[in-house]
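This report goes through selected local features of one model. Please look at the sequence and the structure first.

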Amino acid sequence: MAIPAVLTERLRLPVLCSPLFIISNPDLVIAQCKAGVIGSFPALNARPASQLDEWLDRITTELAEHDARHPDRPAAPFAVNQIVHRSNDRLDHDLEMCAKYKVPITITSLGAREELNQQVHSYGGIVLHDVINNRFARKAIEKGADGLIAVAAGAGGHAGTQSPFALIREIREWFDGPLLLSGAIAHGSSILAAEAAGADLAYIGSAFIATHEARADQRYKEMIVNSGAADIVYTNLFTGVHGNYLRESIVQSGLDPEALPESDPSKMNFGSGGNTKAKAWKDIWGAGQGIGPVREVVPAARLVERLAAEYEEAQERLGCRVPEPQALRA
């Protein structure tokens, strides 16, 4: 299956920057896209709901102006993440806003819905659905998603537990469409490794928390810089869904990372006010296991520069360029 042009053209690197709850905002998305990687944000980050119209207007306008000024290096496209969980009472409104601006890429999480996919397709957009195992991957494609984001062990946010090599290989046994890999990717060589494993793009989130444009507490950014894989705790306490969090933020909130209780998944709430548990635990900070290479807080464009240099160095070290995944599958 051919990979949609929106996932290959106008990119400096085969990277989609994952939507960071609360943190991703127009400043970060615009900086990511101008640097040549796909930027994204969760629709629920725009609050109140009416702000989503303003965000989308600003992003589309500024990227169009950038393209007019720099026809030789146009900006990468952007994506909006939609939480499909039944408690998200903003979903219909947010989808209408995305249709108004013809958002090119929609990322769906916590549920797959056929009618949502059809709505995005009606204006020419594509849908990528994030999954943590092969069973959910099959369901997403059956319901009309165009591609998959394999969220493997070590990813920030709501991460799975499977090895990226196992998860990618199981999906590639039956699916030859767009496939992205998420899980501990914060170095250019890891982007190349994702491609070599069979993914089309890498899905990178935690490294972009430690950027100037990210809407995150400065203490959060510094904690990313000062932490590594051993400082990540996997728990479902804070949202009802298992995810990875910075150990020190848990300690500073007065909890014992080694004795966290289990949460009731049925209590998840992604209504118009957002996840109520996320509000209660606003100083519990998520991150993936790949944050070791993040050693300073920098502008998003400089982070992309570093990733690009590391990516090229890895290719040179191999003595060849890795073929495009779709060519490998031909």
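The model is predicted: local features need pLDDT of at least 70, side-chain atom pairs count only at pLDDT 80 or more, and totals for chains, interfaces and linings use all residues. Residues are numbered from 1 along each chain as its sequence is written, and side-chain values use heavy atoms, with hydrogens and water left out.

**Helix α1**

Helices (DSSP runs of H or I, at least four residues) and strands (runs of E, at least two) are numbered from the N terminus. Helix α1 spans residues 26-35 and is mostly covered, with eight of its 10 residues buried. Buried means under 20% relative accessible area, exposed over 50% and partly exposed in between, with a 1.4 Å probe and protein chains only. The buried residues are Pro26, Leu28, Val29, Ile30, Ala31, Gln32, Cys33 and Ala35. They pack against β1 (15-17), β2 (39-42), α2 (51-69), β3 (78-83) and α11 (300-318), where contact means heavy atoms within 4.5 Å.

Both ends of α1 can be described. At its start, a side-chain oxygen of asparagine 25 reaches to within 2.8 Å of the backbone nitrogen of aspartate 27. After α1 comes glycine 36, with a positive phi near 105°.

Two packed helices are described by the angle between their axes and the distance between the axes. Here axes are lines fitted to C-alpha atoms, for helices over the stretch in contact, and angles run from 0 to 180 degrees between N-to-C directions. The axes of α1 and α2 come within 10 Å and cross at roughly 25°. The two helices are therefore roughly parallel to each other; that label applies to angles under 35 degrees, with over 145 roughly antiparallel, 65 to 115 roughly perpendicular and the rest oblique. The contact is made by Pro26, Asp27, Val29, Ile30, Cys33 and Lys34 of α1 and Trp55, Arg58, Ile59, Glu62, Leu63, His66 and Arg69 of α2.

**Helix α8**

In helix α8 (residues 218-225), the buried residues are Tyr220, Lys221, Met223, Ile224 and Val225. Their cover includes β10 (243-246) and α9 (247-252).

**Loop residues and polar contacts**

Serine 24 lies in the loop between β1 and α1 and is buried, at 1% relative accessible area. Among the residues it touches, beyond four places away in sequence, are Ser40, Phe41, Trp55 and Arg215. Threonine 239 sits in the loop between β9 (232-235) and β10, and is buried with a relative accessible area of 9%.

A polar contact is a pair of N or O atoms within 3.5 Å; within protein, one must be able to donate a hydrogen and the other to accept it, and residues adjacent in sequence count only if both atoms are side-chain atoms. Some of these pairs are tabulated here.

| Side chain | Partner | Distance |
|---|---|---|
| threonine 239 | side chain of histidine 158 | 2.9 Å |

**Cysteines**

How many disulfides are there? With a disulfide taken as a pair of cysteine sulfur atoms within 2.5 Å, the count comes to zero. The sulfur of cysteine 17 is 7.8 Å from the closest cysteine sulfur, in cysteine 33, which is too far for a bond. Cysteine 98 also has its closest cysteine sulfur in cysteine 33, at 14 Å, too far for a bond. Cysteine 17 is buried at 0% relative accessibility, and cysteine 98 is buried with a relative accessible area of 2%.
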